[in-house]
Amino acid sequence: MDGLFDFDAISEPKPTTGGMPAPEQRRRLRHHSGLSLHQIADACGVSEDTVRAWEQGSTTPRGNTAAIYGHLLAALDARQESTAAPEPPPAQAPDWAALGALRHEIPTRAAAHAPCRRCQQPTQHRVGGHPQHLGTRCPAPAPDAGRALQTSPAPAQPAARSLVLPTQRPPLETGPTVRLAYPPIKARGMPDGPSAVLEAGPSGLIAHLADSRTRTCPADDLHGLLAWAVNRLGAAPVRREALPPGPLLVLTPTARARLALPADLPDLPARHPRSDHPLLQQARAIGWQADADGLGPWTRLHPSTGDPACDSIHLAVTDWGALHHDAWNLPERLTPGELAAALGQYTSLVRTPLGPPGACGHQLMRDLRPPAHRHTATGALLALGVGGALTRPVDPAPCEAPPGHQLASHRAEKDTLADTDIDWWRHPAPDEADRTYVVCLAVNLFHLAGIREIQVADGPAHHVHHRPFDHKRPGSWLVDLSAVPQHPLLPPAFTGTGPAWHTTPAVAYAGTRVGTAQLEPPAEGWLRPGPTSPYLAPWYEHLRLARLSVLERLGITATMDTPDLLAALAALPQADPLQRALLRALHATGQDALAALAQPPAQPDQTALTAWPSPKEPTWRPDLHAAVIANARANLHRKLARTSRSGYWPLAVAGGHIVYATRTPHLTEITDTPTSDFRIGISPGHVHPVAVRPLHWYTARCAEGVNPAQLLKDACPSW
C-alpha cells in the first residue's frame with residue numbers, strides 16, 4: 001500500500017467545514033485512500049455493514065462512534081490535502097493500526113512543538129505519530145526556532161539554510177516488515193492441491209496433501225505458512241464460470257504449537273476480528289486479517305486490500321474443535337495423512353472445505369449457480385456467472401423473517417409463516433392395538449427430496465392484495481386452507497386454522513387436494529416477480545451423486561434387491577469408519593446448508609444485537625428455506641395418504657421419521673403393500689429402517705405425553 005501514497009504533489013489547503021461529511025464524500029475519502037470497508041470498520045470498532053450504511057446514508061453514526069468516525073474522516077481528508085487535522089482525545093481516537101501502512105501518512109497537529117525528524121526544526125505537525133513538517137519540503141529555519149520549541153531545545157543549526165530536499169522518504173519505523181500479496185487468479189500455481197494437513201517436523205512443518213503426498217513447509221510462523229500456501233495450494237472452480245475455492249490449511253496440535261498459537265479455543269471477546277489474539281496479530285503484521293466472522297475452529301484469512309471472495313485461505317485448528325468436535329465428527333484417531341486423504345475425498349466429491357459441512361453446502365449453492373463477480377479492489381472481472389444465480393442481498397417478507405430479525409421484532413404470531421415440519425402423534429386405534437410391533441422408517445435426505453422443482457426468483461418480494469394464486473410464482477400467500485379435508489388418522493396437511501401465511505408449495509398442494517377453484521382466493525401476498533429458475537436443481541444433483549459414490553465404496557448400490565440392501569444397511573455400523581464419517585458429512589452438507597438459508601448471523605458484531613438486519617449475502621434466503629420445508633411436508637403427507645389406502649396409518653411423525661404399527665418386525669410389511677408410496681432404497685425420497693420397538697413401548701411413551709417418533713429420531717441417528 002505504501003506505493004499508493006505520494007506527497008510530492010500537494011494541492012492548496014482548503015478551509016475545513018464543520019460537521020460530518022456527506023455520505024458520498026465519506027465513500028470518496030475511503031476510496032481515494034485505498035482503504036477497504038473492513039479497515040474503516042476496524043479503525044472505528046464497528047462492522048463492515050455499519051460502515052457501508054454510513055456511506056450509503058441509510059444510517060448516521062451517533063455518540064462516541066460518530067466522534068471516532070469524524071476524526072478518522074478528518075485525518076483522511078487532511079492527508080489528501082496535506083493539512084493537519086486536530087489530534088483527537090484518546091477516548092475518541094480511531095484505531096490507527098487498522099489502516100495498515102497508511103497510518104504512517106496521517107498528519108495531525110499536536111499542542112506542543114517537537115523537532116522534525118527530517119530537519120530538526122520545531123513543528124507541531126505529526127505524520128504517523130512522529131514530528132514532521134507536512135509535504136516533502138521542510139521550511140527554512142525561523143530566527144526564533146529555539147524559543148518556539150518548549151519541550152526540548154533544537155540542536156544548533158547553521159545561520160543560513162537552504163530548503164531540505166530529501167532524495168527519498170525516511171523508512172517507516174513501525175509498519176509491517178513485509179506485506180504478503182496474494183497472486184492474481186491467473187498467476188496462481190497449485191502444484192500441491194487444494195488442502196494440506198500440517199504437523200510439526202524436525203525443521204518447519206510437514207504438509208500432508210490430499211493425494212497422499214507429503215511436502216516440507218519451511219514455516220515457523222503464520223507469515224511463512226501463508227506465504228507457502230498462496231504459492232503452492234489451490235483448486236479449480238467447481239464450474240468454470242465460478243470463483244476458485246480458497247485453500248485449506250489444517251493445523252494439528254503439533255503444528256499449532258510450532259506456530260505458537262494457544263491450545264484453547266479463544267473466548268468470545270478474543271474471537272472478534274479486531275481482537276489482539278496472537279493469530280490476528282501475526283496476520284496484521286503482514287497486512288492480512290480475518291473476515292467478519294472472526295476467529296474460531298474455522299477461520300478465513302485474506303489480505304486487507306484483497307477480495308475475501310477469491311483471495312482467502314481457510315484455517316482449521318483441530319485443538320479448537322475443527323473436524324473432530326463439530327458437524328464433521330471425524331474420528332480423532334486419524335493420522336494426519338488419513339485426515340488429509342479424507343478431506344481430499346470430500347473435496348473431489350463436493351468442494352474444498354471452508355468450515356463445517358453446512359457452510360460448505362451453502363457455498364456450493366453459489367459455486368454451482370455463480371453470479372458474475374468483479375474483484376472488490378481492482379474491479380477486474382473474475383467470474384462470468386450463469387443465469388439463474390442469486391446476485392443481490394434482499395430482505396425477507398415480514399412473514400418470512402426468522403425470529404430475531406428486525407422485521408420480526410414487532411410481528412404478531414398470526415403474521416408468521418405457518419409452514420413447519422410435521423410433529424404429530426396419536427394413540428393406537430382399536431384395530432392397531434392388537435399388533436405386536438411399531439417400526440420406524442426415515443426418508444433419505446428428507447428436505448432434499450423434491451427440491452429440484454422449487455422455483456426461485458432473484459429479487460425482493462412485492463406486497464400485493466387479492467392476487468389469484470399462481471403455483472409458478474414464488475412467494476407467500478395469506479390464505480384460508482380450512483376447506484382442505486383432514487383425516488383423523490393422518491397428521492394435518494397444514495398447520496393453523498383460518499387465514500394464515502403459507503408458501504407457494506403449500507398452497508399448491510392444497511390445490512391438488514381439493515382443486516384450486518375450491519380454495520378461497522388469497523387476501524394478500526408477498527410475491528417475487530421476474531424470471532424464476534429451479535435454483536437448487538444442480539446443487540441437489542451434485543450432492544446426490546456424491547452420496548451414491550460414498551455408498552458404493554461402502555458396498556451399497558442402487559441396483560441391489562431389497563433383502564441384500566437391508567442386509568448391507570444392517571452391517572453399515574461395522575463398515576469402514578472413514579467412509580461412514582464421509583457419509584455423515586455429506587448428509588450434514590445437505591441438511592445444514594438448507595438451514596443456513598435462514599440462520600441468524602454469526603459475526604461477533606451482529607450476535608449481540610436484539611434485532612439483527614439481513615446478512616449481506618445473496619444466498620441468505622429465508623423464503624427459500626420456508627419453501628423447502630413446505631415442499632417436504634407436502635410430499636410426505638402425500639405419501640402418507642396414499643399408503644393409508646392399504647390400511648396402514650401412521651402413529652407418529654417427526655420430520656422425516658414415521659412410526660407404524662405392524663404385525664411383524666419388518667419394514668417390508670409397509671413397503672410391500674400394493675398402494676404403499678414408500679420404497680426402500682438409497683436415493684433421496686426413498687426410505688430405510690430406523691428401529692423396531694414393541695407396541696407397549698409406544699403406548700408407554702404416549703402415556704408420558706411425548707412424540708415416540710421424535711425419541712427414535714434423536715436416539716437412532718440416520719446413516
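Residues are numbered from 1 along each chain as its sequence is written. In this predicted model, local features need pLDDT of at least 70, side-chain atom pairs count only at pLDDT 80 or more, and totals for chains, interfaces and linings use all residues, while side-chain values use heavy atoms, with hydrogens and water left out.

**Exercise 1.** Find how many salt bridges the rule gives.

Solution. Start with the rule: a side-chain nitrogen of Lys or Arg lies within 4 Å of a carboxyl oxygen of Asp or Glu. Side chains of opposite charge can pair when their charged atoms come close. Apply the rule, and the count is 23 salt bridges.

**Exercise 2.** Describe the pair Asp 49 and Arg 52.

Solution. Step one: take the distance. Their side chains form a salt bridge at 2.7 Å, N to O. Helices (H or I, at least four residues) and strands (E, at least two) are DSSP runs, numbered from the N terminus. Step three: check exposure. Buried means under 20% relative accessible area, exposed over 50%, and partly exposed in between (1.4 Å probe, protein chains only). Asp 49 is partly exposed at 24%. Arg 52 is partly exposed at 25%.

**Exercise 3.** Trace the network that includes Arg 215 and Asp 192.

Solution. Begin with Arg 213. Its salt bridge with Asp 211 has its closest N and O atoms 2.7 Å apart. Arg 213 is partly exposed at 28%, and Asp 211 is partly exposed at 46%. Shared partners join Asp 192, Asp 211, Arg 213, Arg 215 and Arg 232 into one network of salt bridges. Next, take Arg 215 and Asp 192, which meet at 3.5 Å, N to O. Arg 215 lies in strand 7 (residues 214-217) and Asp 192 in the loop between helix 5 (145-148) and strand 5 (195-200), so the pair ties together parts 23 residues apart in sequence. Arg 215 is partly exposed at 33%, whereas Asp 192 is buried at 1%.

**Exercise 4.** Sort the lining of the second largest pocket into nonpolar, polar and charged residues.

Solution. First, the classes: Ala, Val, Leu, Ile, Met, Phe, Trp, Tyr, Cys and Pro count as nonpolar, Asp, Glu, Lys and Arg as charged, and the others, Gly among them, as polar. Then sort. The lining holds 26 nonpolar, eight polar and six charged residues.
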